[in-house]
Amino acid sequence: RKAHLLDVRDAAEWQGLTSSPYGIDFSPRKGRILNSIWIEWYNFMEKDESNIIKVKSKENIQDIMSVKNINLDDEIIIYCFKGARASNTLMSLREAGYYNVKNYFASWNEWSRDFELPIDDKIIEISTFQDFGPPTRL
(Lines give C-alpha, C1' and ligand atoms only; values in the text may rest on other atoms or scores of the structure.)
Protein backbone atom coordinates (compact mmCIF):
# COMPACT_ATOMS: atom_id res chain seq x y z
CA ARG A 1 0.00 0.00 0.00
CA LYS A 2 1.29 3.45 -0.95
CA ALA A 3 0.59 6.95 0.35
CA HIS A 4 -0.22 9.83 -2.00
CA LEU A 5 -0.57 13.56 -1.56
CA LEU A 6 -3.31 14.63 -3.99
CA ASP A 7 -3.49 18.28 -5.07
CA VAL A 8 -6.96 19.10 -6.43
CA ARG A 9 -6.47 22.85 -6.96
CA ASP A 10 -7.22 24.62 -10.22
CA ALA A 11 -4.65 24.44 -13.01
CA ALA A 12 -3.18 27.95 -12.48
CA GLU A 13 -2.55 27.14 -8.81
CA TRP A 14 -0.88 23.80 -9.64
CA GLN A 15 1.24 25.43 -12.33
CA GLY A 16 2.53 28.01 -9.86
CA LEU A 17 0.97 30.96 -11.71
CA THR A 18 -1.20 32.04 -8.76
CA SER A 19 -1.00 31.40 -5.04
CA SER A 20 -4.73 30.91 -4.47
CA PRO A 21 -8.22 31.22 -5.97
CA TYR A 22 -8.43 34.60 -4.17
CA GLY A 23 -5.61 36.31 -6.02
CA ILE A 24 -2.22 35.85 -7.60
CA ASP A 25 -0.27 36.88 -4.49
CA PHE A 26 -2.81 36.12 -1.76
CA SER A 27 -0.35 33.65 -0.20
CA PRO A 28 3.36 34.37 0.11
CA ARG A 29 4.43 31.46 -2.11
CA LYS A 30 3.24 29.83 -5.33
CA GLY A 31 3.72 26.22 -6.34
CA ARG A 32 2.80 22.88 -4.87
CA ILE A 33 3.78 20.55 -2.03
CA LEU A 34 6.71 18.35 -3.06
CA ASN A 35 5.83 15.02 -4.67
CA SER A 36 2.12 15.72 -4.85
CA ILE A 37 -0.03 14.36 -7.66
CA TRP A 38 -2.40 16.73 -9.44
CA ILE A 39 -5.98 15.92 -10.45
CA GLU A 40 -8.11 19.04 -10.72
CA TRP A 41 -11.25 18.63 -8.58
CA TYR A 42 -13.54 19.31 -11.54
CA ASN A 43 -12.47 15.99 -13.03
CA PHE A 44 -14.51 14.09 -10.44
CA MET A 45 -17.74 15.90 -11.37
CA GLU A 46 -19.99 15.97 -14.45
CA LYS A 47 -23.32 17.31 -15.64
CA ASP A 48 -26.08 14.79 -16.28
CA GLU A 49 -28.59 14.91 -19.14
CA SER A 50 -30.68 17.44 -17.16
CA ASN A 51 -27.62 19.68 -16.73
CA ILE A 52 -27.42 18.86 -13.00
CA ILE A 53 -23.93 18.60 -11.51
CA LYS A 54 -23.15 15.24 -9.94
CA VAL A 55 -20.25 13.03 -8.95
CA LYS A 56 -18.93 10.84 -11.76
CA SER A 57 -19.56 7.11 -11.59
CA LYS A 58 -17.47 4.85 -9.40
CA GLU A 59 -15.92 3.33 -12.51
CA ASN A 60 -15.02 6.70 -14.03
CA ILE A 61 -13.39 7.87 -10.81
CA GLN A 62 -11.45 4.62 -10.48
CA ASP A 63 -10.25 5.05 -14.08
CA ILE A 64 -9.05 8.60 -13.30
CA MET A 65 -7.20 7.39 -10.22
CA SER A 66 -5.63 4.41 -11.98
CA VAL A 67 -4.11 6.73 -14.61
CA LYS A 68 -2.21 8.32 -11.71
CA ASN A 69 -1.34 4.87 -10.25
CA ILE A 70 -3.49 5.38 -7.16
CA ASN A 71 -5.11 2.17 -5.91
CA LEU A 72 -8.27 1.65 -3.86
CA ASP A 73 -6.36 0.67 -0.71
CA ASP A 74 -3.69 3.39 -0.92
CA GLU A 75 -3.59 6.19 1.64
CA ILE A 76 -4.65 9.48 0.05
CA ILE A 77 -4.25 12.92 1.61
CA ILE A 78 -6.08 15.57 -0.39
CA TYR A 79 -5.30 19.27 -0.36
CA CYS A 80 -6.45 22.42 -2.13
CA PHE A 81 -6.17 25.98 -0.80
CA LYS A 82 -8.11 25.75 2.46
CA GLY A 83 -9.98 22.43 2.30
CA ALA A 84 -13.27 23.09 0.47
CA ARG A 85 -12.38 21.55 -2.91
CA ALA A 86 -10.54 18.77 -1.08
CA SER A 87 -13.69 17.93 0.90
CA ASN A 88 -15.67 17.67 -2.33
CA THR A 89 -13.04 15.31 -3.72
CA LEU A 90 -12.93 13.30 -0.48
CA MET A 91 -16.67 12.67 -0.78
CA SER A 92 -16.30 11.68 -4.45
CA LEU A 93 -13.45 9.27 -3.71
CA ARG A 94 -15.27 7.63 -0.80
CA GLU A 95 -18.32 7.07 -2.98
CA ALA A 96 -15.98 5.39 -5.49
CA GLY A 97 -14.58 3.00 -2.87
CA TYR A 98 -11.47 4.86 -1.64
CA TYR A 99 -11.81 4.74 2.13
CA ASN A 100 -8.29 5.57 3.31
CA VAL A 101 -8.71 9.25 2.38
CA LYS A 102 -8.03 12.33 4.49
CA ASN A 103 -8.49 16.07 3.95
CA TYR A 104 -5.55 18.32 4.81
CA PHE A 105 -7.97 20.98 6.03
CA ALA A 106 -5.66 24.03 6.18
CA SER A 107 -4.06 22.93 2.91
CA TRP A 108 -1.93 25.27 0.78
CA ASN A 109 -3.06 28.32 2.78
CA GLU A 110 -1.18 26.96 5.81
CA TRP A 111 1.69 25.19 4.02
CA SER A 112 2.66 28.15 1.83
CA ARG A 113 2.94 30.47 4.85
CA ASP A 114 5.48 28.29 6.70
CA PHE A 115 8.81 29.00 4.98
CA GLU A 116 10.40 26.02 6.74
CA LEU A 117 8.20 23.65 4.72
CA PRO A 118 9.56 22.69 1.29
CA ILE A 119 7.65 23.39 -1.92
CA ASP A 120 8.15 22.91 -5.63
CA ASP A 121 7.92 26.45 -6.97
CA LYS A 122 8.85 25.82 -10.59
CA ILE A 123 6.35 27.11 -13.14
CA ILE A 124 4.77 24.10 -14.87
CA GLU A 125 3.47 24.29 -18.41
CA ILE A 126 0.48 22.08 -19.04
CA SER A 127 0.62 20.92 -22.64
CA THR A 128 -2.13 18.33 -22.29
CA PHE A 129 -5.14 18.05 -20.04
CA GLN A 130 -3.75 15.46 -17.66
CA ASP A 131 -4.24 11.95 -18.96
CA PHE A 132 -8.02 11.78 -19.11
CA GLY A 133 -9.20 14.81 -21.10
CA PRO A 134 -10.03 18.39 -20.28
CA PRO A 135 -11.69 19.15 -16.96
CA THR A 136 -15.44 19.62 -16.89
CA ARG A 137 -16.14 23.26 -16.11
CA LEU A 138 -19.17 23.32 -13.89
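I39 is found in the loop between strand 3 and strand 4 (45-47), where helices (H or I, at least four residues) and strands (E, at least two) are DSSP runs, numbered from the N terminus. At 0% relative accessibility, I39 counts as buried; buried means under 20% relative accessible area, exposed over 50%, and partly exposed in between, with a 1.4 Å probe and protein chains only. The C-alpha atoms of I39 and K68 are separated by 8.6 Å, although the two residues are 29 residues apart along the chain.

The structure is a predicted model, in which local features need pLDDT of at least 70 and side-chain atom pairs count only at pLDDT 80 or more, whereas totals for chains, interfaces and linings use all residues. Residues are numbered from 1 along each chain as its sequence is written, and side-chain values use heavy atoms, with hydrogens and water left out.

UniProt, in an unreviewed entry, lists residues 1-120 for "domain: Rhodanese"; its positions are given in the numbering used here, feature names are shortened, and annotations may be inferred rather than shown by experiment. Over residues 1-120 the chain is 27% helix and 21% strand, with the end C-alpha atoms 25 Å apart.

The sheet is open and consists of four strands in the order 3-1-6-7, with parallel pairing. Its edges are strand 3 (37-38) and strand 7 (101-103), each of which pairs on one side only. Two strands are taken to pair if DSSP finds at least two bridges between them. Strand 1 (residues 3-7) and strand 6 (residues 75-79) pair in the parallel sense over five bridges, and the bridge partner of H4 in strand 6 is I76. Helix 3 (residues 84-95) lies across strand 1, strand 6 and strand 7, and runs at about 165° to strand 7. Contact here means heavy atoms within 4.5 Å; axes are lines fitted to C-alpha atoms, for helices over the stretch in contact, and angles run from 0 to 180 degrees between N-to-C directions.

Rings of Phe, Tyr and Trp (its six-membered ring) pair if their centres lie within 6.5 Å; planes under 30 degrees apart count as stacked, over 60 as edge-to-face and the rest as tilted. By this rule the count comes to six aromatic pairs. W14 and W38 form a stacked pair, 5.9 Å centre to centre and with 10° between the planes. This pair links distant parts of the chain, since W14 belongs to helix 1 (residues 11-15) and W38 to strand 3, 24 residues apart. W14 is buried, with a relative accessible area of 10%, and W38 is buried at 8%. Elsewhere, ring pairs link Y22, F26 and F81 into a cluster.

Charges also meet rings. A charge sits over a ring if NZ of Lys or CZ of Arg is within 6 Å of the ring centre and within 35 degrees of the ring normal. The charged end of R9 sits over the ring of W108, 4.8 Å from its centre, and that of R29 sits over the ring of F115, 5.0 Å from its centre.

Two backbone positions remain to be described. Most residues other than glycine have a negative phi. N69, which is not a glycine, has a positive phi of about 60°. N69 lies in the loop between helix 2 (58-67) and strand 6, and is exposed, with a relative accessible area of 51%. S107, also not a glycine, has a positive phi of about 50°. S107 is found in helix 4 (residues 107-111) and counts as buried, at 0% relative accessibility.
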